[in-house]
Amino acid sequence: MEDVMDKPTTSPISTRKHGDVLIILSNNPPVNALGAAVRQGLVDAIAEAEADSGVHAVVIACEGQTFFAGADITEFGKPPVMPWLPSVVDTIENCSKPVVAAIHGTALGGGLEVALGCHYRIAVPSAKLGTPEVKLGLLPGAGGTQRLPRIAGIKKALEMCATGNPIGAQDGFDCGLIDRLVDGELIQHAVAYAEEVRGIRPLPKSSERQDRLDEECSPAVFDEFRKANARKFRGFDAPEACIRAVQVACEKPYAEGVIEERKLFMELMSGTQARAQQYFFFAERKANKIEGLPENTEPRPVRKVGVIGAGTMGGGISMNFLSAGIPVTIVEMGSEALERGTGLMRKNYEASAAKGKLTAEQVEKAMRLLSPTLDFQALADCDLIIEAVYENMDVKKEVFGKLDRIAKPGAILASNTSYLNINEIAASISRPGDVVGMHFFSPANVMKLLEVVRGDKTAPDVLLTAMQIGKKIRKVPVVAGVCHGFIGNRMLMPRQIEATKLLLEGATPEQIDRVHVEFGMPMGPFQMADLAGVDIGWHRDPNRIENIRDALCAIDRWGQKKGAGFYDYDEKRRPSPSPVVQQIIEDFAKKQGVERRVITEEEIIERTLYTMVNEGAKILEEGIAQRASDIDVVWVYGYGWPVYRGGPMFWADTVGLSMIVDGLKRQEARMKPEFSFSKLLLEKADKGEKFTR
Ligand code: 3H9
């Protein structure tokens, strides 16, 4: 049957008739976000269906890559434009003719809520369904917290709303969220489905369902869920609000539930956490954009990757490519190290398989793509070669010298250095334009951050390729300029310097760490030192004791791996304060003539966190970071800065830059000579400006 097109329209929503089914189509690229025009279009289209006596059923579908991926986040914080989404969803549900949602791509947030307002849901197997609002510091605010548990059950709704993780279509089908799964032409199937159900009355409305609630409602379900996720949700406001809203579905009728949902939604929306998380959503996407890249720059093809060094870092880096289906040649100096390295990679993969994250077949597929070798020459056909050898300029130069002779023309030569000067490495070979930094964070197969270091001579297509390949291996790449420590590690330095000075002045490691953990960091500076190894960068001479770190290393307190560092550890690696360390600190303070006093939480924040903001501002003014939000992306993904505080630069804006400057001025005398003010910070504070918008 021929479809009958309606009159042309400028609305992102169009309608066409297929027999007695009205097909409502959204075309709002890139993700069919439910902006004002889409919402209005949906309401108008439902009115059209109601008014047309020739229409007996309705299909709502989307063009492009996805079903509605949610409310339009760019509208948040602006004056609301009617119709608002909850009433659009109600309008759909109250349509007197059956409405079928035809889902492909990702039905997320408000998009899933639209689908829940429909009377039936049909999806392709590749579709994903989710309520990611919690990741934006919100909860599903268009009836989702009340409809979802009524359709999919309490446990599923809790999991989806409070974690924000999407589920697959099959899972959706199994829990009752999807009524029918279909392969092939979705809209055709949806129309056939609509014709099949057109006569069924009463219409199934998710807001009226009670059966699933009766099955699962008990206070224990909520208590257990809270307990099981306490660590994950620590510090965040939104997950608890999501749990509370779903709980209301158990306790109150639908009409009261949605009022409660709205109240909780508005509370979250007006809070700083939601602002921070929404800011971060866009920050992450902005980080992908490279400034100053000539238009027409095309990436170089990367079909095969070489990795030099099969240690923890080299192995982890290799796994990223293997998992993305890219063959890797990994080179080591000795067969024992090579075997150990590849064995560890297999072990890591198998551990993921044991947790159900991979199938045994996927593990084998990844490992088959790996070619371990002792022969440097084997790198000759690689398009991208990443060295992950010992962090020493001479060693790196030697490796790059070899690569210069072996690598094919046009191969990208990347260094995984965390501190060293990429320009100096590049200048030592005949093809500096091919050199770029690709700084992975440990464990490299897990951590999302990738600092892509742009040297003075790095060719634009090399930079673009490094950024794109980073995305392909599911990292969050951020461009950084050349300086000691790039963005992330450079900002770590003032924090570490001040934290160590604070120990001498009277603070304890556990006090400083507690302030950081309460702030929302996964661990404090001394917990981090113990985890990473107190001995990293130590000169290895036990008789040369110039600071607390030297003193700890000299008596074998190298951190968790030795069962002792800034803390004592039991056999389960549980830390406790160490009297030995306390004594070392006190002796050291005496030796240096440092007067010990009571250190307040405020001082710890000012000296260890405000100093980071100051360093971030220097990084910005020197052009090491392209934008303030990139610094935030580095800190959230690389160091676990709590995303509900947006990142150090966004956080500084919420504190107020003049407050930051005042705090630093209060501490300036104690922090000298290491500390100096960023001009940009002073200027911005003076003008009442912010780093981020
Ligand atoms: C909500 O629904 C609240 C309701 O419960 C209640 C309301 C009352 N809005 O990620 P990509 C842009 S809250 C506006 O690179 P992908 C994005 O910025 C919402 N813009 O693509 C980017 O722009 P640009 C709940 C959006 O293929 C472009 O689209 N929904 C939105 O890798 C491409 O995005 C969510 O939280 C939006 N909702 O991934 C879903 N979404 O090109 C958020 C994307 O200028 N979205 N953009 O940089 C996503 O998770 C991913 O974008 C998605 C596609 C998986 C859909």
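Visitor: Where is Pro 83 placed?

Guide: Pro 83 sits in the loop between β4 (57–62) and α2 (85–93). Helices (H or I, at least four residues) and strands (E, at least two) are DSSP runs, numbered from the N terminus. Residues are counted from 1 along each chain as its sequence is written. The model is predicted, so local features need pLDDT of at least 70 and side-chain atom pairs pLDDT 80 or more, while totals for chains, interfaces and linings use all residues; side-chain values use heavy atoms, without hydrogens or water.

Visitor: What is the peptide bond from Met 82 to Pro 83, cis or trans?

Guide: Start with the rule: most peptide bonds are trans, and most residues other than glycine have a negative phi. The bond from Met 82 to Pro 83 is cis, with omega near -5 degrees. The bond from Arg 201 to Pro 202 is also cis, with omega near -5 degrees. Pro 202 is in the loop between α7 (186–197) and α8 (211–216).

Visitor: Which phi does Asn 296 have, positive or negative?

Guide: Positive, about 45 degrees, although Asn 296 is not a glycine. Look for Asn 296 in the loop between α12 and β11 (305–308).

Visitor: Now the ligand. Which residues come nearest to the ligand?

Guide: A residue is near a molecule or strand if one of its heavy atoms lies within 4 Å of it. Here 26 residues are around the ligand, and Ala 71, Gly 110, Glu 113, Glu 133 and Arg 285 come nearest.

Visitor: Which classes make up the shell around the ligand?

Guide: The shell has 14 nonpolar, six polar and six charged residues. Nonpolar covers Ala, Val, Leu, Ile, Met, Phe, Trp, Tyr, Cys and Pro; charged covers Asp, Glu, Lys and Arg; the others, Gly among them, are polar.

Visitor: How much of the ligand does the protein bury?

Guide: The protein buries 73% of the 1,000 Å² that the ligand exposes when taken alone. Such accessible areas come from the Shrake-Rupley method with a 1.4 Å probe; for residues, only the protein chains shown count as cover. Two or more residues of the shell come from each of β6 (106–108), α3 (110–117) and α12 (272–286). The largest share, three residues, belongs to α12.

Visitor: In which order do the strands of the β6 sheet run?

Guide: The order is β6-β8-β9 in an open sheet of three strands, with mixed pairing. Two strands pair if DSSP finds at least two bridges between them. β6 and β9 (167–168) are the edge strands, each pairing on one side only. β8 (residues 128–130) and β9 run antiparallel, joined by two bridges.
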